[in-house]
Amino acid sequence: MKLGETVYVFGPVITGRDEMHIRAIERSVAGEDVPSDIEGAVLFHCGPIMVQREDGTWAVVAAGPTTSARMNKLEPEMIRRFGIRAIIGKGGMSKDVAEAMREVGCVYLAATGGAAISLAEGLSRCTGVEWLDLGMAEAMWRFETERFGPLIVAMDAEGNSLYEQVASSIVRI
Amino acid sequence: MIKLPEPVEDIVVNLLRLANTKLPADVGWALEAAAGWETGDIARTQLGAIMDNVKKAEHMGRPMCQDTGIPVFYVRGRFDSTIVAQISKGVERATREIPLRPNTVDPLSRENDGSNLGEGMPIIHYIPTDDDFTEITVLPKGAGSENMTRLAMLNPADGVEGVRRFIIDSVLDAGGRPCPPSIVGVGIGGTSDKCVEMAKEALLSPLDSENPDPVLAKMEEDVFVALNSSGLGPMGLGGSTTVLGVKIRKAFCHTASLPVAVNIGCWATRRASARISDEGVEYSQGVDF
């Protein structure tokens, strides 16, 4: 995948923010069970608005990306420990994260911040939730996706970052 | 307190629904103008996705962003202490009915009771006046932009240039994190608390309203041009639209101080006001006070 390219995701995606990262890493370190679909996942930095239907299943109301930089300290270990293959978020991530992405072969796909209704249309079905005790925003939600995007390849698997390129050419007058 | 035509609780639910589902017209116009002058493919994709989303959210009556924020209230005019309980009830009901994302947690244990209330909530600023109305304004403030808030207690010798530098650096250092193109709220002067309060209040002013202070109006224009010449662009992915507007407020300060605060509003700077009088309730989406 080339830097700056527009892509769409099809297939399973899980969500995870600060608390989900902390719990997944803590449990894994302690040798406790973690949901198997974290392994090799497409990880969406998102705390969606969800409503539960009468039959117990969940429907998504709004689901845009959250600020990925909050997970900068947690993500390198998350990527290495679970072999995360793609991260979907906004705002980009640190050099340490880019290094872990390069090692494992992971890309960072930028979703448009705040575009929560359009993006939710690409989440065709919620297939479950883990760790709902963390709250709606921090829980780990599972989705099937169908043309989820548009997403921009903003950090590639070779350590290049569109955010770095933009930052280095910023004009401060 | 003036006689109210309907319960404040209902008005608060209406306000939160309006603010979260319908972008203020002035912000929408600014985004459309930006889409007209952007030339880069990536920047145009971002602005296109934003405008598409705004239309869908309004049409479907759903919150345009999943981060429905912490609602910050401003109550102006005539009111009494019962308004706190009524606003709280409105927030709790809106959270269930719209629905809003339950965002408030204990800062240390991180426990979330799902109500969007809790200790110290809701945030309400009071501006009593002798007018014959009660005006309630809500500014749902998401964390992406709020987390980029900065306060500097500059030295008076840093002067106007120091103030300008601090504003520009605060916005550019935030990069793509606050969801640009953003609206920059600035407070200059006051005490530290007053300064941050002014920076946030500045986000309530419609983008097409002119600053009555010519010195501040000129500074707003200057910072606006500088930021949009930076190249940061929509979502920090590059482009010529970094900000949709700059709004500055000031207050007198201590002779030994020069406080400056920056409070960024994301592209989805959501606001709604209800002016309640004997004649009924009038809703709008931007106020200057």
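Modeller: Helices (H or I, at least four residues) and strands (E, at least two) are DSSP runs, numbered from the N terminus. The model is predicted: local features need pLDDT of at least 70, side-chain atom pairs count only at pLDDT 80 or more, and totals for chains, interfaces and linings use all residues. Residues are numbered from 1 along each chain as its sequence is written, while chains are lettered from A and ligands numbered from 1 in the order in which they are written.

Biologist: Where is B:Arg110 placed?

Modeller: B:Arg110 sits in the loop between α4 and β2 of chain B. Its phi is positive, about 65°, although B:Arg110 is not a glycine.

Biologist: Why is B:Arg110 called partly exposed?

Modeller: A residue is buried if 20 or more other C-beta atoms lie within 10 Å of its own, exposed if 12 or fewer, and partly exposed in between; C-beta atoms are placed from the backbone. B:Arg110 has 13 other C-beta atoms within 10 Å, so it is partly exposed.

Biologist: What makes B:Cys179 count as buried?

Modeller: B:Cys179 has 33 C-beta neighbours inside 10 Å, and therefore counts as buried. This residue lies in the loop between α6 (159-174) and β5 (182-189) of chain B. B:Cys179 is not a glycine, yet has a positive phi of about 60°.

Biologist: Which residue does a cis peptide bond join to B:Met121?

Modeller: That residue is B:Pro122, and omega is about -10°. B:Pro122 lies in the loop between α4 and β2 of chain B.

Biologist: What is the omega of the peptide bond from B:Ile98 to B:Pro99?

Modeller: Omega is near -10°, and the bond from B:Ile98 to B:Pro99 is cis. B:Pro99 is in the loop between α4 (82-97) and β2 (123-128) of chain B.
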